[in-house]
Amino acid sequence: MANGESEFELRQDGYVAFDAVSLKDLIIERLNEEKVFTDQNYEGSNLSSLIDIISYSYHTLIYYLNKNSSESTFSQAEIYENINQIVKSIDYNPSGPQTANLNFQVDATESLDTGLYTIPRYSYFTFSGTTYSFIEDVSFNKNLTTFESLTELEENNLLYNGAFIEYPTLAAIGENFETVVLAPSEDDSNFIVDNNNIYVYVKPNRLNSEWEEWTKTTSLYLESANSKKYSVRFNENERYEIKFGNNITGKKLNEGDLIAIYFLKSDGINGQVSKGTLDNQPVYFFTTTQFNEITDDVIPPASNIITSTEASNLRFANRNSSTNFQLKESVSEIKANAPKLFNSQYRLVTIGDYTNYIKKNYGSWIRSVQCVNNFDYTSIYLKYFFDIGLDRPNDNSRVLFNQVNFSDSCDFNNIYAFSVPNKTLENSLEIRTNYLSVSQKNAITNLLAEVKSATTEIIVSDPVYMEINFCASLTDTDFSLISQAGDESELYIEVEQSSRRDLNSVQNDVAQVFKDYFNTSNLELGQVVSLKDLQQSILSIQGVARFSTRRVYKGETIIDNNLSFAVYNPIYETDDFNVTRQDINLEFFKFPYFKDLTDVQNRITVVRQG
């Protein structure tokens with residue numbers, strides 16, 4: 001070697017080509033060239049064992065070097081733990097699992113006296129192996145001496161899947177930004193803590209002090225010095241970090257202050273329930289020695305907490321199924337949401353801010369959302385009802401319902417959030433009548449009030465559902481009702497004569513194409529329904545040679561050698577319908593579904609050519 005330079009040339013990125021075996025071979029090759037040692041060629045010798053240790057140690061170090069170099073930046077990170085830590089630098093809190101919720105109906109019998117009553121927080125129902133709980137104190141007035149529907153109670157409150165758990169009481173250290181990690185000690189891997197229902201109470205370390213209820217904030221840096229607030233972060237270890245202030249941004253805990261934490265343990269996907277599950281179930285009260293002490297301190301004495309005997313005169317029921325359970329925010333979702341939320345700085349100003357905030361925080365409630373301003377609402381949405389022949393949009397029941405219940409007299413400052421509930425529905429009738437309940441709309445509106453612009457009013461609006469079906473048609477005169485033409489049409493699949501595939505198997509594969517594409521979890525408001533993609537998926541199925549859409553009309557078979565769809569509003573099908581062979585571009589307020597999707601294979605005929 002000259003001038004201390006190595007005779008072995010290694011590219012700058014050459015380390016990625018090294019592994020333990022190649023490094024071991026290189027060491028042995030060099031030792032053989034020197035002809036000083038020979039034991040390196042004998043497996044099991046001391047020198048060979050030493051070479052193994054060196055080679056595999058460097059292999060491990062190179063692996064971590066390569067992995068950490070790619071996982072250290074926002075754009076390249078793919079591991080949840082790493083992306084979670086990266087976004088912490090911009091004060092972004094990834095969402096943990098979100099439990100299902102349920103709107104309910106409740107009546108009071110004539111046995112309940114008139115007056116004001118309060119159902120205490122964390123009260124619950126338990127049935128069919130699952131639990132649903134109130135997350136706050138709910139009050140109602142019984143005004144009649146007879147049987148009475150408690151409409152105000154049911155329109156302003158929801159039940160959430162899960163049972164509340166009392167976490168062991170902690171004593172504060174008194175440091176700035178004191179952080180408590182919520183780490184349940186149960187070994188059950190299915191122990192799920194709901195992201196949105198963690199509650200904190202603090203008892204100051206002074207004589208004759210009482211418990212205080214602290215409230216959750218999106219960021220302590222937005223709070224004043226005396227704000228009794230805490231933030232919650234779902235960290236890289238999938239535990240919740242509860243952080244308090246420093247007397248500059250958020251109030252600081254003093255040494256010896258007691259901290260009581262209550263959280264909602266979700267049943268996950270098993271907590272999703274169907275309609276009628278809650279019917280006539282009794283309400284139970286959450287109670288522990290500490291919790292009773294807390295409620296005595298934080299609930300006003302005039303609230304008139306309802307007793308078990310009085311509560312037995314309430315009749316609860318649910319006419320709709322629950323929303324779906326939502327998993328934790330994924331890596332791709334964090335990458336999409338973090339820049340948007342950072343740009344908004346936790347304040348909703350632009351249309352995109354509203355859309356992104358609702359998607360992130362209400363994933364268990366809402367499957368799809370599109371927010372628009374008043375200009376788009378009037379020029380596109382309301383115009384749609386004029387175009388289909390209504391004298392005024394309020395003649396439509398859903399428009400009138402939302403306008404009366406949620407809009408104020410001044411319309412120019414409204415933001416309209418068109419939302420599709422996050423429910424698993426298969427029946428077409430249930431899908432096209434699937435709207436958020438009044439209680440869900442009120443809950444979203446109330447929660448957004450903390451971060452929206454002061455001059456803006458939020459109106460959660462209902463979508464227009466568009467039904468899609470096969471339809472073979474040559475002119476608008478070869479059918480009377482578009483839905484009838486769709487029901488009479490079929491997809492006709494021709495399989496290659498040389499193919500050995502079973503025809504039933506091909507039929508199932510074609511049906512699966514439609515079931516996957518039109519699965520409601522894969523659909524969005526205002527999306528493009530791509531017939532081109534569907535056609536390519538059908539032709540890519542092994543054995544399929546060609547296909548057509550067919551219908552028998554007046555004894556003759558109408559044959560369209562394309563994939564042809566009927567698209568129509570089932571409420572106004574004579575005024576809003578179309579037969580198309582092109583991609584379907586839906587307006588922002590329209591949500592598609594395929595008619596009777598679970599039965600689609602019965603509308604697919606498969607034959608062998610020849």
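User: In strand β10, which residues form the covered face and which the uncovered one?

Analyst: This is a predicted model, in which local features need pLDDT of at least 70, side-chain atom pairs count only at pLDDT 80 or more, and totals for chains, interfaces and linings use all residues. Residues are numbered from 1 along each chain as its sequence is written, and side-chain values use heavy atoms, with hydrogens and water left out. Strands (E, at least two residues) and helices (H or I, at least four) are DSSP runs, numbered from the N terminus. In β10, residues 179-182, the covered face holds V180 and L182, and the uncovered one T179 and V181.

User: Which residue of β14 stands opposite T179?

Analyst: Two strands pair if DSSP finds at least two bridges between them. β10 and β14 (residues 240-243) pair in the antiparallel sense over 4 bridges. In β14, the residue opposite T179 is K243.

User: Why do the buried residues of α1 line one face of the helix?

Analyst: Helix α1 comprises residues 20-34. Its buried residues (under 20% relative accessible area, 1.4 Å probe, protein chains only) are A20, L23, K24 and I28. Seen down the axis of α1, they line one face because the directions from the axis to their C-beta atoms fall within an arc of 135 degrees.

User: Which strands stand at the edges of the open sheet of 4 strands?

Analyst: This sheet has antiparallel pairing and the order β1-β8-β5-β4. Each edge strand has a single partner strand, so one side of it is left without a neighbour in the sheet; these strands are β1 (101-102) and β4 (124-127).

User: Which residues touch the most other members of the largest nonpolar core?

Analyst: A nonpolar core is a set of buried Ala, Val, Leu, Ile, Met, Phe, Trp, Tyr and Cys residues joined through side-chain atoms within 4.5 Å. The largest has 65 residues; apart from it lies another core, of 52 residues, among them F385 and Y465. Within the largest core, the residues touching the most other members are I198, Y201, I242, F244, I261 and Y262.

User: What angle does the direction of helix α8 make with that of β17?

Analyst: The open sheet of 3 strands has the order β17-β18-β19, with mixed pairing. Helix α8 (residues 351-361) packs on this sheet, touching β17, β18 and β19, where contact means heavy atoms within 4.5 Å. Axes are lines fitted to C-alpha atoms, for helices over the stretch in contact, and angles run from 0 to 180 degrees between N-to-C directions. The angle between α8 and β17 is about 165 degrees.

Notes
Expected span 1.5 Å × (residues − 1). Buried < 20%, exposed > 50% of the residue type's maximum accessible area, 1.4 Å probe, protein only.
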